[in-house]
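Visitor: Please put the model up, and then I will ask about its fold and its helix packing.

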Amino acid sequence: MSAAEMIGIFIETLIVVSILMLHVSYVVYFERKVIGHMQCRMGPMRVGWHGLLQPIADAIKLFFKEDIIPSQADKPIFYVAPLIGVLAALGSVAVIPMWEGFSIANLNIGILYILALSSVGSYAVILGGWASNSKYSFLGGLRSAAQVISYEIAMGLSLVGVMLMSGSANLSDIVHAQAGHWFIFTQPVAFFVFVIAIFAETNRVPFDMPEAETELVAGYATEYSGIRFGLFFMAEYAGMFVMSAFAVTCFLGGWSGPAFLPGFVWFILKVYAFIFLYFWIRATLPRYRYDQLMGLGWKLFIPLALANVVFTALMKIL
Amino acid sequence: MTLQQIYFGYFATMMTIISLLVVSRKNPVHSVLWMLVLFVHMAGLYLFLNAEFLAAVQIIVYAGAIMVLFLFVIMLLNLRKEEKEFRLQKQWPVSAVTAVLFLVVLVSILGKITVLPELGEYSIDMINAQGSLMTIGNVLYTKYLLPFEIASVLLLVAIVGAVVLAKKRIE
């Protein structure tokens, strides 16, 4: 690889990451507006026209707040934990194909790459919770550890169905394989399991047990303040973006759509529709109880995903 | 030195240093974290050997599942208390003798390793053309089907054993 190519990739990455960061800050605004209107409120209104500058004000506030570290905290791990989360979320963006022929890295093992990074990302929550040396944070971290073990298996198994249908783990090939019909129609069970697994993966309602404001103060993030808290927040929303984009690529046909709009626009529209689903569910459902969540993962979703794999493989042979 | 040698040298030294850190940390959670760093380095070494699938599986299985389980158990047992106790078990002389013998074996075979054995049919070009996922799948489910299935039966036995041990006895 020549130096010019490497600089090209570097610039590409820089552009994609900055655009993503912009989306991440405004998706928080989008969430507050959507949930506000669903609850017959207005949402943020004060900063700028209809609160449009709210994310910028929030970011500035987080940057300049005092960074408090608990006295008995495990300092190196306390520092590193939020960074792991952000890096894992941003790293996953590299393999997602955004329009025909464009992804920063067109890996043959795209699906496995995203699964690997998402499992590394969960360490942010576990370690942040442990290093804070606080009951609430610790409980949040433990819950996250248990949640990851029960959900990642089902998530991986549901994607096996997609890999069987497309015959590849390359995300661009998966989009091409959906030219006839999207996998949401041929793999509805896998889609169902996958969507619920990514809700658990990104710690969103109804599976936001590690955070659980009403019982654990703020869970793993209780002791974090200032920009470190901001990084956790960023990791959560970037993770939502990545997982939505992943779901769109694997089940909703990625960038494909009627020709009157370019592929990139279709991709963004689908991703935002998926993110809207996140907010919609947050405004609708109460939180799951902890033991119910574990039971659901082990006793329902893993068998369901396994049955789906067997069924798909049989269909493929016949 | 070529770029490849620097790359390999970095990973080899780092992996040795990190392994030492894993066994010498007083806090078990720190040991687990260094082990995590070690696994990431191993994945890097696999990537260097053009085995991208192995690298991804290394992270997913070891970093994603097994180490989380370790962390979970260590946190649940709250091992912080045991930091101050004598860290070697009482059978340490036996372990020391075994370790020295193992070192002797390692040193004695050092000269006898063929550094570059003759290439088989699975050359890097062939694997890259097919994709490493495809190649491993083909080999695993045709040529090595029996050992593969035996390994999975072995794992099943372990799972059943764990369930039997953990289950409450019904009087």
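Visitor: How many helices and strands does chain B have?
Guide: This is a predicted model, where local features need pLDDT of at least 70 and side-chain atom pairs count only at pLDDT 80 or more. Residues are numbered from 1 along each chain as its sequence is written, and chains are lettered from A in the order in which they are written. Helices (H or I, at least four residues) and strands (E, at least two) are DSSP runs numbered from the N terminus. Chain B comes to 7 helices and 0 strands.

Visitor: What is the radius of gyration of chain B?
Guide: The radius is taken over C-alpha atoms, and the globule rule is 2.2 Å times the number of residues to the power 0.38. For 171 residues the rule gives 16 Å, and chain B is well over that, so it is more spread out than a compact globule, with a radius of gyration of 21 Å.

Visitor: At what angle do the axes of H4(A) and H3(B) cross?
Guide: Axes are lines fitted to C-alpha atoms, for helices over the stretch in contact, and angles run from 0 to 180 degrees between N-to-C directions. Helix H4 (residues 110–131) of chain A and helix H3 (residues 52–77) of chain B have axes that come within 9 Å and cross at roughly 25°.

Visitor: Is H4(A) roughly parallel or roughly antiparallel to H3(B)?
Guide: Angles under 35 degrees count as roughly parallel and over 145 as roughly antiparallel, with 65 to 115 roughly perpendicular and the rest oblique. The crossing angle therefore makes H4(A), relative to H3(B), roughly parallel.

Methods
Side-chain values use heavy atoms; hydrogens and water are left out.
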